[in-house]
Amino acid sequence: MSLEASIAVRRGDFDLDVVLDVDAGEVLAVLGPNGAGKSTLLGALSGLLAIDSGSIRIDGVVLDDPAADVFVPPEQRPIGVVFQDHLLFGHLSAQENVAFGLRARGVGKAEARTIAAAWLERMGLESFGSSRPTELSGGQSQRVALARALATDPALLLLDEPLAALDVRTRQEVRRSLRDHLATFSGMRLLVTHDPVDAYALADRVAILEDGRIAQTGTIAEVTAHPRSRYVAELVGTNLVRGVVADGVLVTDTGARIAVATDPGPVFAVIRPQAITLSLSPDPASSARNAWPGVVGDIDRLGDRARVGFDGELALVAEITTASLDALQLRPGDRVHASLKATDITTYPV
Amino acid sequence: MSSRQRGRRSALPAPVLVLALIAVAFFALPFVGLLWRAPWGSMLDVLGQESVRTALWLSLRTSIAATFLAFVFGVPLAWLLARVPFPGSSAVRALCTLSMVLPPVVAGVALFFSFGRRGLFGQYLDRWFDVQLPFTTWGVVVAQTFVSMPFLVITVEAALRQVDRRYEDAARTLGGSRWYVFRRVTVPTIQPALVAGGVLAWARALGEFGATITFAGNFPGTTQTMPLATYLALETDPQEALVISIVLIAVSFGVLVGLRDRWLHGARAALA
């Protein structure tokens, strides 16, 4: 299974022109700020918006191709959508919401109810079948929306800002459960988000959208380590480490030890490159609880900033001004010390 | 009652209160006068009269038929006005709701000269289909539909404009055809407006007088509806006029109260 999309849409002053591929079983995150064209992209894929040129195919079947005068309406596309505000139908119960797509596709009432009940059970919501959407929490409502979209067995699942409608406290919990549920779905998944953390947590590959164009695509590790523009660097160019915290120390998957100020348990940690200080000699008087010796790796100059690779106990990218880079006269292979305050590390429970 | 509420109540300016109370009295006094003179003792006798029952039955049949027609044509019209942008849509809207503000007699005259037997279009109805509307029960239905449909149209149009169309989009991505989405998502969403518009249209049809008497005439059993019978009875038998009036008031009041509950209930559900 695969999605091949080449989409050009013009709406007033804004135009979207992107090429995207999603492979079988893959989760692609389209990451970009508001106004970058994420909603337009989802509209074009789901068929709520006709494209002006290009083509959209799933498994070689053309869904939209203006040149060939083909347009498959949304109700006939093998695509499920989880909307940002979930958009559960207020006049229907949770179970009726999940059964909606099956009923719309001609499945009998009794059978649709049975399948919907099974989906609710799978989402851990078996006791909420008769609840109205207003009686559900944000996380529950999202799981109903996910079940509703998956119940018709789509080849491609689209998720529009799946975590944006939730408050900060429920967000982490829902992110984790969403990741587990997405993992059980074998089709293609494409999510759009403005939050890099969602992309890290949920996706295999990321496409950065900027003003209607794809600025960069790649695996998350590639894009975070080597952002190709200042824009991408600011959006996602960060250090990402997975590991387990015990006694204020995060031991990474590669065995490195990082002092953190977080509760114990498995986490992934985000270290902003700007938070890392590089110096030629260790500073014992510093308050930074992390200090590692190492060598300078690649140096990328992006305008007045430079992204400096650091190889030590831990591989990191530090971002410093080109002025300090020149003052320190750093070159690849030079010995340096990287230091970092424990409080500058943001962790997310896995 | 909290002190804050008391404070707010005492802050109501006296002139406003006086004028508002005069308005209330203005609406209440005619009913007091009518109920005061009502022949309560002979109520059932009057209601049992053949002429009254005939008028009541005719009114019910015609007003329900008019409401049905208002739904059949009015909901698609409301859809067109709310959802399809086209040049001159505001002119079309004005035209389709003109009969709401037009003096009903004028509406009757207009219907007579267009759909009457010699009317611009009526002559063909007569010649080609052998259909005559004036002075028939169908003429009553046409007159009632003409004046009542706009109430349904503007109510439903406003509701359609307020519908969050993303829900309809969501339903389409789930595999719903346009018609399926309309039935399963749009109609339940605008249900309070459909009920309110339908009841308003029905009440207007039930009370219709001017257009009916001008276009359909005043024949007992065929075109003499309750309001016509009331007006006529005032000349011959005022007791009968009072009884029919009380029946109409009771029906209207019941509808208004029922509508208020349904409307608020529906609106609350839609907001939640």
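Select Ser6(A) and look across to strand β2 of chain A: the bridge partner there is Val19(A). Now pick Ala5(A), whose bridge partner in β2(A) is Leu20(A). Strands here are DSSP runs (E, at least two residues) and helices are DSSP runs (H or I, at least four), numbered from the N terminus.

Before going on, note that this is a predicted model, in which local features need pLDDT of at least 70, side-chain atom pairs count only at pLDDT 80 or more, and totals for chains, interfaces and linings use all residues. Residues are numbered from 1 along each chain as its sequence is written, while chains are lettered from A and ligands numbered from 1 in the order in which they are written.

**The sheet of chain A**

Select residues 2–11 and 14–23 of chain A. These are β1(A) and β2(A), paired in the antiparallel sense over 10 bridges. Two strands count as paired if DSSP finds at least two bridges between them. Stop at the turn: the hairpin has 2 residues between the strands, and Gly12(A) takes a positive phi near 60°.

What is the order of its strands? The order is β2-β1-β4-β5-β6 in chain A, an open sheet of 5 strands with antiparallel pairing. At the edges are β2 and β6 (70–71) of chain A, each pairing on one side only.

Helix α1(A) lies across β1, β2 and β4 of chain A, and runs at about 120° to β1(A). Such axes are lines fitted to C-alpha atoms, for helices over the stretch in contact, with angles from 0 to 180 degrees between N-to-C directions.

Colour chain A by pLDDT, the predictor's confidence in each residue, from 0 to 100. The mean for chain A is 89, and 100% of its residues reach 70 or more. Helix α2 (residues 94–104) of chain A has the highest mean, 95, and helix α8 (residues 230–236) of chain A the lowest, 76.

**Over to chain B**

Select chain B. It has 13 helices and 0 strands. Its C-alpha atoms fill a box of roughly 70 × 60 × 35 Å along the principal axes.

Pick residues 50–83 and 137–162 of chain B. These helices, α4(B) and α8(B), pack at an angle of about 40° with their axes 6 Å apart.

**Where the chains meet**

Show both chains. Here 15 residues of chain B are in contact with 19 residues of chain A; contact means C-beta atoms, placed from the backbone, within 7 Å. On the side of chain B that touches chain A, α9(B) gives the largest share, 7 residues.

End at Ala170(B), in helix α9 (residues 165–173) of chain B. Why does Ala170(B) count as buried? Because Ala170(B) has 30 C-beta neighbours inside 10 Å. Leaving aside neighbours within four places in sequence, Ala170(B) is in contact with Val81(A), Phe83(A) and Leu87(A). Finally, select Val185(B): 15 residues from Ala170(B) in sequence, and 9.8 Å away in space, C-alpha to C-alpha.

Conventions: A residue is buried if 20 or more other C-beta atoms lie within 10 Å of its own, exposed if 12 or fewer, and partly exposed in between; C-beta atoms are placed from the backbone. Two residues are in contact if their C-beta atoms, placed from the backbone, lie within 7 Å.
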